[in-house]
Amino acid sequence: MKYNRTYNFSAGPAMMPEPVLEEIAAEMLNYRGSGMCVMEMSHRSKVFQQIRDEAEADLRRLMSIPDNYKVLFVQGGGTVQFAMVPMNLMKNGVGCYVETGAWSKKAIAEAKKYGEVKIAASSADKNFSYIPDCSDLDIPGNADYVYICENETINGTTYFKLPDTKGKILVSDQSSMFLSRPCDVSKYGLIWAGVQKNVGPAGMAVVIIREDLLRDDLPKFVPTYMSYKTHADNDSLYNTPNCWAIYCCGKVFKYLLDNGGLEAMNRRNQEKAAILYDFLDRSRLFTGAVAKEDRSLMNVPFVTPSKEQDAEVVAASKAAGFDNLKGHKSVGGLRASIYNAMPKEGVEALVEFLKKYEAEHA
């Protein structure tokens, strides 16, 4: 069946692969003969246990996650992780953060509630339009970890080389680039990702954490639910988890495995991004907002010469069948999020629209 679907360039919740949505729809009323929808079934049932276990196993295979790392499915998305990271990892009460945009700033503000935060590097001087040099960071000896937002969804920058943490634990928020390219998990102590951008429905984060970072000796003020060890010890079933999100993410994990894995996704994402960036580099009206060497393959912010024209383009794009091209309220302009599920045809259609607009208005 064909549906009248728009090209949705939202930064999240975002597009999911159509074959995955069709499979979910087919199982909506009766999941594999169970007589019920996944949203209706007990998280303690054997049927859901298999869903959870398959999701974890497929993610481990997809990312080649080492055996000494735990995979957790935690409710609450990124905002909860901003607090859980310092609550669980601040043994000495010191966290180093690289400030590269809106989401790292939010993480910094939250971490300051639980300990000392040292800004090891920042790109604030140029409105977060680049990734700062992280090859020789000033990291104090008592630092507990170094935290990065590996892809800034709002500002459109990404790391193509990880920081030298000088032996300290590397923590990464991968929300808006999770599963978009290969990842050597062993280089990190902890990876977390809100799933609503590149994997599944909102309301959950995937956490990949090295086992030695799970602690029994957390401060008494840390709620039981906010302990990573609580989730690890209970296979993410300490309380009723976001069963629907786990189920949907599991479908996406299988879809990625069946379509070439992360190497194939990376090639497709590079190809898609090149189509849009090549146009922006040649355009007389539209300008990319990020240093070329640090451009995200997932989130592409750009501007016209004025805020008024930015708004005009957003309105015209909506009328033409493109959705959610308005830039984040904190930075303005326009932004196209072109995650794994965005087809190449969607990016090509957007570029054709922008070319037409430019020809008529430049």
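Helices are DSSP runs of H or I of at least four residues, numbered from the N terminus. By that rule, Leu257 belongs to helix α6, which covers residues 243-258. The model described here is predicted.

The seven-stranded sheet is taken first. Its strand order is β2-β10-β9-β8-β5-β3-β4. The sheet is open, and its pairing is mixed. β2 and β4 (116-122) stand at the edges, each with a single partner strand, so one side of each lacks a neighbour in the sheet. On average, neighbouring strands are turned by 20 degrees against each other, direction ignored.

β5 (residues 145-149) and β8 (residues 169-173) are parallel and share five bridges. Within that pair, Val146 has Leu170 of β8 as its bridge partner. β8 is also parallel to β9, over three bridges. Here Val171 is partnered by Leu190 in β9. The pairing of β9 with β10 is antiparallel and has five bridges. Ile191 stands opposite Ile208 of β10.

Strand β9 spans residues 190-194. Five of its five residues are buried, so the strand is largely enclosed by the rest of the structure. Leu190, Trp192 and Gly194 point one way from β9. Ile191 and Ala193 point the other way, and these residues too are buried.

Helix α4 (residues 102-111) lies across part of the sheet.

β12 (residues 299-303) is joined to β14 by four bridges, and the two run antiparallel. Pro301 stands opposite Arg335 in β14.

Among the helices, α2 covers residues 46-63. It has 18 residues, and at 1.5 Å a residue it should span 26 Å. Its end C-alpha atoms are 26 Å apart, which agrees. The buried residues of α2 are Phe48, Ile51, Arg52, Ala55, Glu56, Asp58, Leu59, Arg60, Leu62 and Met63. An α-helix has 3.6 residues a turn, so residues three or four places apart point the same way. The buried residues of α2 pack against β2 (69-75), β10 (204-210), α6 and α7 (261-282). Ser64 follows α2, and its phi is positive, near 50 degrees.

Leaving aside residues up to four places away in sequence, Leu257 touches Asp58, Arg61 and Leu62. Asp58 and Leu62 are among the buried residues of α2. Leu257 and Tyr7 are 250 residues apart along the chain, and their C-alpha atoms are separated by 24 Å.

Helix α5 (residues 228-233) contains Lys229. The side chains of Lys229 and Asp216 form a polar contact of 3.3 Å. Beyond residues up to four places away in sequence, Lys229 touches Leu214, Arg215 and Asp216.

Backbone geometry stands out at a few sites. Most residues other than glycine have a negative phi, and most peptide bonds are trans. Gly12 and Pro13 are joined by a cis peptide bond, with omega about -5 degrees. Pro13 lies in the loop between β1 (7-8) and α1 (18-26). Leu179 has a positive phi, near 65 degrees. This leucine, Leu179, sits in the loop between β8 and β9. Leu179 counts as buried because its relative accessibility is 3%, and the cut-off is under 20%. Ser236 also has a positive phi, near 65 degrees. Its loop connects α5 and α6. Ser236 is buried, with a relative accessible area of 2%.

The structure holds zero disulfides. Cys134 is in no disulfide, and the nearest cysteine sulfur, that of Cys96, is 11 Å away. Cys134 counts as buried, at 7% relative accessibility. Cys248 is likewise in no disulfide. Its nearest cysteine sulfur belongs to Cys249, 7.0 Å away. A disulfide requires sulfur atoms within 2.5 Å. Cys248 is buried, with a relative accessible area of 2%.

Technical notes: Residues are numbered from 1 along each chain as its sequence is written. This is a predicted model: local features need pLDDT of at least 70, side-chain atom pairs count only at pLDDT 80 or more; totals for chains, interfaces and linings use all residues. Side-chain values use heavy atoms; hydrogens and water are left out. Contact means heavy atoms within 4.5 Å. Two strands pair if DSSP finds at least two bridges between them. The expected span of a helix is 1.5 Å times one less than its number of residues. Buried means under 20% relative accessible area, exposed over 50%, partly exposed in between (1.4 Å probe, protein chains only). A polar contact is a pair of N or O atoms within 3.5 Å; within protein, one must be able to donate a hydrogen and the other to accept it, and residues adjacent in sequence count only if both atoms are side-chain atoms. Axes are lines fitted to C-alpha atoms, for helices over the stretch in contact, and angles run from 0 to 180 degrees between N-to-C directions.
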